[in-house]
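Please keep the structure shown below at hand while reading.

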Amino acid sequence: MDGEEAAAFLADERTAVCATLGRGGWPHLMPLWYVLRERSGGRPGPQLWSWTYAASQKVRNLERDPRATLQVEAGELYQELRGVMLECEVAIHRDVEIVKALGHEIFARYATPRGEPEPVQLPAEVAEMVDRQAAKRVALQFIELDRVTWDHRKLDGVY
């Protein structure tokens with residue numbers, strides 16, 4: 001996939017599997033909901049952000065070693081498989097206002113069926129729930145260092 005195809009794929013999909021390294025060196029894999037934000041510094045393409053509980057194992061792993069690999073994939077049959085794998089450094093943001101804003105973005109994205117526009121504002125009860133959770137959560141900014149993509153639909157039956 002080229003950069004535009006990868007960005008469109010990430011915008012369409014909904015779950016990233018995040019791999020961090022546990023204390024014993026074993027990969028720790030967990031699914032994450034995410035949003036895409038424009039990168040700073042003029043670099044092209046979106047940057048993936050997520051949130052999680054501050055006390056989670058993945059956060060403890062990232063505090064020890066800020067590297068993570070993300071994988072977003074789709075397809076069931078071999079000839080349909082496609083995906084994006086990102087090797088990243090992860091910045092952990094603990095400021096409650098940053099975490100709240102991200103939580104609102106995530107819930108707006110996931111409260112909306114694919115292909116429909118996101119709400120301008122979350123329903124009050126959802127916004128209040130997100131705001132309450134923010135104190136226990138952190139924002140994860142995945143800073144892409146390397147990318148691998150695949151799209152078996154382009155193989156035209158030749159494997």
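Helices (H or I, at least four residues) and strands (E, at least two) are DSSP runs, numbered from the N terminus. The model is a predicted one, in which local features need pLDDT of at least 70 and side-chain atom pairs count only at pLDDT 80 or more, while totals for chains, interfaces and linings use all residues. Residues are numbered from 1 along each chain as its sequence is written, and side-chain values use heavy atoms, with hydrogens and water left out.

**A buried asparagine**
- Asn61 is found in helix H2, which covers residues 57-64, and it counts as buried because its relative accessibility is 0% (buried is under 20% relative accessible area, exposed over 50%, and partly exposed in between, with a 1.4 Å probe and protein chains only).
- Leaving aside residues up to four places away in sequence, Asn61 is in contact (heavy atoms within 4.5 Å) with Thr20, Leu21, Gly22, Arg23 and His28.

**Nonpolar core**
- A nonpolar core is a set of buried Ala, Val, Leu, Ile, Met, Phe, Trp, Tyr and Cys residues joined through side-chain atoms within 4.5 Å.
- The largest such core has 34 residues, of which Tyr34, Leu70, Leu102 and Phe142 touch the most other members; helix H3 (residues 96-110) gives the largest share, five residues.
- Not counting residues up to four places away in sequence, Leu102 touches Val35, Arg37, Trp49, Ser50, Trp51, Ala139 and Leu140.

**Cysteines**
- The structure holds zero disulfides (pairs of cysteine sulfur atoms within 2.5 Å), and Cys18 has its nearest cysteine sulfur, that of Cys88, 8.3 Å away.
- Cys18 is buried at a relative accessible area of 1%, and Cys88 counts as buried at 2%.

**Aromatic rings and charges**
- Rings of Phe, Tyr and Trp (its six-membered ring) pair if their centres lie within 6.5 Å, with planes under 30 degrees apart counted as stacked, over 60 as edge-to-face and the rest as tilted.
- A search of the whole structure finds three aromatic pairs, including the stacked pair of Trp33 and Tyr110, at 4.3 Å centre to centre and 5 degrees between the planes.
- This pair links Trp33 in strand E2 (residues 27-33) with Tyr110 in helix H3, 77 residues apart; Trp33 is partly exposed at 44%, whereas Tyr110 is buried at 14%.
- Trp51 and Phe107 have ring centres 6.2 Å apart and planes at 80 degrees, so the pair is edge-to-face.
- Arg14 lies over the face of Tyr110, 5.3 Å from the ring centre (a charge sits over a ring if NZ of Lys or CZ of Arg is within 6 Å of the ring centre and within 35 degrees of the ring normal).
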